[in-house]
Amino acid sequence: MPKDNIERAIKNAMGKDQSDYKEVTYEGYGPHGIAIFVETLTDNTTRTVGDVRSVFNKFNGNLGTQGSLSFLFDHKSVFTFKKKDGLDMDEMILDLIDYGVEDEYDEDEEENSITIYADPSSFSAVQKHLEENGFEVTGAEFTRIPNDLKDVTAEQRETIDKMVEKLEDFDDVQTVYTNMKPEEA
């Protein structure tokens, strides 16, 4: 998420009663059949839905009903932490399975870090377990991971990126997810 969006959301929240804010998600198809999932934090749902709908319309997309695309994205909590010397990942995963952690993980040799994925409802339990066992947690967040990635051409990617950028320009938009296959490096 862009730093500007975070700063705007903080400034907005400081000037208003924070209890007025609601988390609202918007789902729909953008250009070229790409699924787009928009997470917002808003004090005015009418304004926010209008803003989001206008971007979908501008890019010939279709805004769907809430939950209409949730089957295309897995909601997960993601933790990244520094790998300890002599760490047995199989044993660690067995310890964490009770907390809803998946048995698949990503290892970054260059950064000497491990990334694990868990059920969002067990976020605090996993974080507490990692901290109590002396792991240096370098990242902890909620995310939506697409389970069906779509190939796009360079021109299609440019159009979709412009749409995502327009959505992220709104103060209320926190994160935008797509099922577009990542660009090859």
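In what sense do strand 5 and strand 6 pair, and over how many bridges? The legends below, which describe a predicted model, open with that pairing.

**View 1. The hairpin of strand 5 and strand 6.** The two strands pair in the antiparallel sense, over five bridges. Within this pairing, Tyr-105 has Ile-116 in strand 6 as its bridge partner. Four residues lie between the strands of the hairpin, and Asn-112 adopts a positive phi near 55°.

View 2. Helix 4 spans residues 123-132, and its buried residues are Phe-123, Val-126, His-129 and Leu-130. Viewed down the helix axis, these buried residues fall within an arc of 140°, so they line one face of helix 4. They pack against strand 4 (73-82), helix 3 (89-97), strand 5 (101-108), strand 6 (113-118) and strand 7 (137-146). Ser-124, Lys-128 and Glu-132 are exposed and sit on the face turned away from the buried side. Two of these side chains, those of Glu-132 and Lys-128, meet in a salt bridge with an N to O distance of 4.0 Å. Because Glu-132 and Lys-128 are four residues apart in helix 4, about one helical turn separates them. Glu-132 counts as exposed because its relative accessibility is 58%, where exposed means over 50%. Gly-134, with a positive phi near 75°, follows the helix.

View 3. Strand 2 (residues 35-42) and strand 8 are joined by five bridges in the antiparallel sense, and Phe-37 stands opposite Tyr-177 of strand 8.

**View 4. The largest nonpolar core.** This core has 17 residues, of which Ile-36, Val-38, Phe-56, Met-163, Leu-167 and Val-176 touch the most other members. At least two residues of the core come from each of strand 1, strand 2, helix 2, helix 5 and strand 8. Helix 5 gives the most, with four residues. Neighbours within four places in sequence left aside, Leu-167 is in contact with Ile-36, Val-38, Val-52, Val-55, Phe-56, Val-173 and Val-176. Another core, of 14 residues, lies apart from this one and includes Phe-79, Met-89, Met-92 and Leu-96.

View 5. The whole structure contains nine salt bridges. In one of them, the side chains of Glu-39 and Arg-144 meet at 2.8 Å, N to O. This pair links strand 2, which holds Glu-39, with strand 7, which holds Arg-144, across 105 residues. Glu-39 counts as buried because its relative accessibility is 18%, the limit being under 20%. Arg-144, at 14%, also counts as buried. A further salt bridge joins the side chains of Arg-47 and Asp-172 (2.6 Å, N to O). Arg-47 belongs to helix 2 and Asp-172 to the loop between helix 5 and strand 8, so the pair ties together parts 125 residues apart in sequence. Arg-47 counts as partly exposed at 34% relative accessibility, whereas Asp-172 is buried, with a relative accessible area of 5%. Asp-43, Arg-47 and Asp-172 are linked in a network of salt bridges.

Conventions:
Residues are numbered from 1 along each chain as its sequence is written. This is a predicted model: local features need pLDDT of at least 70, side-chain atom pairs count only at pLDDT 80 or more; totals for chains, interfaces and linings use all residues. Side-chain values use heavy atoms; hydrogens and water are left out. Two strands pair if DSSP finds at least two bridges between them. Buried means under 20% relative accessible area, exposed over 50%, partly exposed in between (1.4 Å probe, protein chains only). The arc is that of the directions from the helix axis to the C-beta atoms. Contact means heavy atoms within 4.5 Å. A nonpolar core is a set of buried Ala, Val, Leu, Ile, Met, Phe, Trp, Tyr and Cys residues joined through side-chain atoms within 4.5 Å.
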